[in-house]
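Q: I would like to learn how to read a model like this one, feature by feature. Could you take me through it?

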Amino acid sequence: MPDQLRIVIAEDNYLVREGLRRLLEDSGEVDVLACVGTATELLDAVRRLGPDAVLTDIRMPPTHRMEGIEAAHAIRASHPDTGVVVLSQHTDESYALALFEGGSAGIGYLLKDRVGDLEDLVHALHEVCSGGSVVDPQIVDALVRRRSRGSASPLAALSPRELDVLREMALGRTNAGIERALHLSSSTVEKHVNAIFTKLGLSEAPVHRRVVAVLAFLENAPGLEQPG
Amino acid sequence: MRVRRAWLLTLGPIGTASLLYVFVTRGFTDPSDVPGAGLGWPLLGVLPLFVFGVWLLTVTSSRVAVYVALGATGSAVGSAYETYVWTHLEVLGSSTFALLNQVGLTADALAAIGFLLMFATFPDGLLEQRWQRIALRFVWVGVFIGPATLLTYSQVVLPEYLGIDGPPISNPYAVPALSGLVPVVDALFGTWWILPGLALLVFYSRCLFGPPARRAQLRIMGVAVTAAILAYMFWEGVALTRFAGTPVATASGVLTAITLAALPVAGIHGILRYGAYDVGVADRGKVVVRSSNTLITLFYAVAVATPGVLLVGRLEPVSAVLLTAVLAVVLLPVRGLLQRLVRSAVFGDRDHHLTLLTELGARLEQSLELDEVLSRLAHGVGDGLDATWVRIRLVGTDGGWADTPVGVAGTVSGEAVAGQDLTLVDARLGRIELGPRRHGDYSLAELQLLETVARQATTAVANVRLNTQLAEQLEELTASRLRLITAQDAERRRIERDLHDGIQQNIVALMAGLRLARNRLDRGALRPEELTELQDQARETLADLRQLAHGIHPQVLSDNGLVAAVESRTARFPIPVTIRAGGQVRQQRFDADVETVAYYTVREALANVAKHSGATQAVVTLRHHGGRLSVEVTDDGTGFDPSEVGDGQSGVTNIRDRVAAVHGTLTVDSAIGGGTRILVDLPTAPETVPGHAVREAASVPVAASAAAAVSTPVPTSVPQPASPSVPESAAESAAESIPETTGGPRA
């Protein structure tokens, strides 16, 4: 296939690394250029190979803390055309927020639970490759729960259905994707999206900016101006 | 304080008997029969002096007490002798009168000597100069005047005050051979002023040239003596010759009487104030107060009774009784006044000193720093004992005097004149040293007081040291607790990492593998070996999980006990480990804390063996004996120098902290090239672990009501459920025949 995704995998655990490689290669949509075990090797591989996307573990030697996130920031800064999907075992949203700190374009945060869902994995790689953002639904759930808990939060004003739609938006889905995912008509989805933007004080924004808007809102305090 | 008991027992009865004889005899004799033999002198002069002297003897060891008591007793015996002679004039003709007369002469001489010495050594019986002491020894020559006249004079020499005129009485005891000595005795006896002159010389030399402090003490007495001498000389030499019969002579006589009366007043004041330093010692306080009250009461009684007694010849008995009664009432306030005066005279500034010393104890209790304790102590002692300087030093760690901390009051100069060790049990903690006293010397009682203070100080110093030790222990305890927490945190982090990076990753890989397998299955390309591989991965993950759980807390320890857990642990140890555990310890279950610490000890010690020692084999020995569980881990490795193992450098510190937490002890024996032996000794008896009894009490079943739980004593010794009470000998033999189990390298 001519438009195969050219990616680099960074993962210190041999079994996981090999498993991911074989799985992605098996999908037929991905060309794994290299598999590395540390962040340093990853940066080196990106420099050498210029992949379309990178799939990296969050914890790697030497400190086993957030090497993956730091590498993601470095790659996004030096290679804006390379998307980064960080695979993490942390359901704690603070890791995701740390990853999206300097902007969310071309970055994805997925839990390792997604490894079994090959389509999601490949979709995320495609998404970041085209400058979009992906956040694992579990993380979005956690963020929304945390944000909506305070009565002062504008999210508290959203209906459950609107929250579902917002969650899908956070995953980077288009209106058509949300229609399919939630089995809704396109007019209903449009109505919900408008209601969400109204309730959150955001007017309608371009599709590829919707996740940015949502994440920016989730990360920061209410009262944020419409990104623009 | 050393009461001058011998003097008291000698002078007391003699004087009392003499005075009783005088009062009884004279009281019942018509005064007109015995000229000059009234009760005036014995009652107003001798009795008060005698009482004062004897009282002084009971309350002070000062030499001045002896002099006063001696003088008064001499006077009393003299009075008795006089009374006897006047009521038995026939003895004058007796052939042994010359011998009897010796009593009078000796009593006279002793009275004179006593009073002379009292004045010369005023106020405390102590002299500053050597020549003064030698000079005053000559005063005692007066004692020999009586015997000397007896042996040399052909006639009996009667005491002057006897006032008996008549033909000389021959002395049958004169030794003719000694008649040549008559002029010598004459010179001594005739020139009576030699001895008083000697005493006056000493007195004035001290008044004028003594140390400043001494001169201050002698000032009043000096003025009184000088005034009395001048007044007397003027009266005798001028007033009675040139102004006889004129008012000048009368005035001079009154002045002389006043100045003479001032002498005993100044004397008593001085003695009480400066001389009898022992008076006022805290533990003697009650005696002093009681005896001084008795003294005042006696004075009071004498003052009340004297006029009546003296006037009994001229007044009706009823009038005499009435007069006495009126005086008793009128003089009552005087008595109270006297009591107050004596109290202030006796205690004076020493009362202040005592208060200082008493407060010292309280002040010491408030001090927390050793420096402060010593400084307060030094100042307290300095103020209390009037020392020029005080220094308190402590014995250092090397056995010599430590440079710090030191307590100093005043400026240390010269050698210490007194001192007292601070001794706790048999160990000398330090020493209090005193420079010379500001005024006079330290009395015996003051030195005894110093002893008491030293005991107090020892306690204070020991307390402060104990406090310091406790603080250090607390610090160590806090550090140890912190280390335990840190170790726990590290352990948690390790477990978290093992979970995240190990097991979780394995499962992620497994998921990826399963997904791949499904894809391949969909394409019909799946081979059975791929599934076997995944199965192996799952098994491996399970094994990892089990091992991790075991690392957190080995279930086998809770379920099957210490020995089983240790054996299970050592079964996968890389070098052969021999377990030695007797049947008893094998069956025994211990407190969970104790088991965990024992297990942890083995684990850490073996980890050290594996990591550092290069040993080829190790031995773990577990014993339970006498309420203690001992865990010993030895290896034949390279060993190390225990003194060079710093905190946190090895698992030893971890073991020590854990062991300390259950009140156990850790011993590490190791030498370079000599292997290592780690011995941990843990108490297993419930009462040795504080809090255990409480736990037991708290676990009383609910059925036992609160009231029952209260009325039942909290069990202090709870038998371990699985603890067969093995006699000591059996335990010994069990320990000897310990079966061995050997763990090998992991297959």
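A: Gladly, and let us begin with burial: a residue is called buried if 20 or more other C-beta atoms lie within 10 Å of its own. Keep in mind throughout that this is a predicted model.

Q: With that in hand, which are the buried residues of α3(A)?

A: They are E67(A), G68(A), I69(A), A71(A), A72(A), I75(A) and R76(A). To read such a list, recall that an α-helix has 3.6 residues a turn, so residues three or four places apart point the same way. The helix itself, α3(A), runs over residues 67–78 and has 12 residues. From its first C-alpha to its last it reaches 16 Å, close to the expected 16 Å.

Q: And what covers the buried residues of α3(A)?

A: The cover includes helices α2 (39–49) and α4 (93–99) of chain A, together with strands β3 (53–57), β4 (83–88) and β5 (107–111) of chain A.

Q: How much of chain A is buried, and how many helices and strands does chain A have?

A: Buried residues make up 44% of the 228 residues in chain A. Its secondary structure comes to 10 helices and 6 strands. For contacts in chain A between residues at least 6 apart in sequence, 62% join residues at least 24 apart.

Q: Next, sheets. What is the strand order in the open sheet of chain A?

A: The general idea comes first: strands of a sheet pair through backbone hydrogen bonds, either parallel or antiparallel. In chain A, 6 strands make an open sheet in the order β2-β1-β3-β4-β5-β6, and the pairing is parallel. At the edges are β2 (30–36) and β6 (134–135) of chain A, each of which pairs on one side only. For one pair in detail, take β1(A), residues 5–10, which is joined to β2(A) by 6 bridges in the parallel sense. There, L5(A) stands opposite V30(A) of β2(A).

Q: Which strands do α1(A) and α3(A) touch or lie across?

A: Helix α1(A), residues 14–27, lies across β1, β2 and β3 of chain A and runs at about 165° to β2(A). Helix α3(A) packs on the sheet as well, touching β3, β4 and β5 of chain A, with its direction at about 175° to that of β4(A).

Q: Chain B has a sheet too. What is its order, and is the pairing parallel or antiparallel?

A: Its 4 strands form an open sheet in the order β2-β1-β4-β3 (chain B), and the pairing is antiparallel. Why do β2 (407–409) and β3 of chain B count as the edges? Each has a single partner strand, so one side of each is left without a neighbour in the sheet. On average, neighbouring strands of this sheet are turned by 15° against each other, direction ignored.

Q: How are the strands of that sheet joined, and where is the hairpin?

A: Strand β1(B), residues 390–394, is linked to β2(B) by 3 bridges and runs antiparallel to it; V390(B) stands opposite A409(B). Helix α14(B), residues 370–385, packs on the sheet and touches β1, β2 and β4 of chain B. Helix α15(B) packs there too, touching β1, β3 and β4 of chain B, at about 40° to the direction of β3(B). As for the hairpin, it is formed by β3(B) and β4(B), with 2 residues between them. These two strands, residues 418–424 and 427–434, run antiparallel and are joined by 7 bridges, with A418(B) partnered by L434(B). In the turn, V425(B) has a positive phi of about 50°.

Q: How do I describe two packed helices, such as α1(B) and α3(B)?

A: Two packed helices are described by the angle between their axes and the distance between the axes. Helices α1(B), residues 5–27, and α3(B), residues 63–87, pack at about 35° with their axes 8 Å apart. Their crossing is left-handed. Residues that make the contact include W7(B), L11(B) and I14(B) of α1(B) and V66(B), A69(B) and L70(B) of α3(B). By class, the contact has 13 nonpolar, 7 polar and 1 charged residues.

Q: Finally, how many residues does each chain bring to the contact between them?

A: Chain B brings 16 residues and chain A brings 15. On the side of chain B, helix α15(B), residues 444–522, gives the most, with 15 residues. That side has 6 nonpolar, 7 polar and 3 charged residues.

Definitions and conventions
Residues are numbered from 1 along each chain as its sequence is written. Chains are lettered from A and ligands numbered from 1 in the order in which they are written. This is a predicted model: local features need pLDDT of at least 70, side-chain atom pairs count only at pLDDT 80 or more; totals for chains, interfaces and linings use all residues. The expected span of a helix is 1.5 Å times one less than its number of residues. A residue is buried if 20 or more other C-beta atoms lie within 10 Å of its own, exposed if 12 or fewer, and partly exposed in between; C-beta atoms are placed from the backbone. Two residues are in contact if their C-beta atoms, placed from the backbone, lie within 7 Å. Axes are lines fitted to C-alpha atoms, for helices over the stretch in contact, and angles run from 0 to 180 degrees between N-to-C directions. A crossing is left-handed if the near helix is turned anticlockwise from the far one by less than a right angle, and right-handed if clockwise. Ala, Val, Leu, Ile, Met, Phe, Trp, Tyr, Cys and Pro count as nonpolar, Asp, Glu, Lys and Arg as charged, and the others, Gly among them, as polar. Two strands pair if DSSP finds at least two bridges between them.
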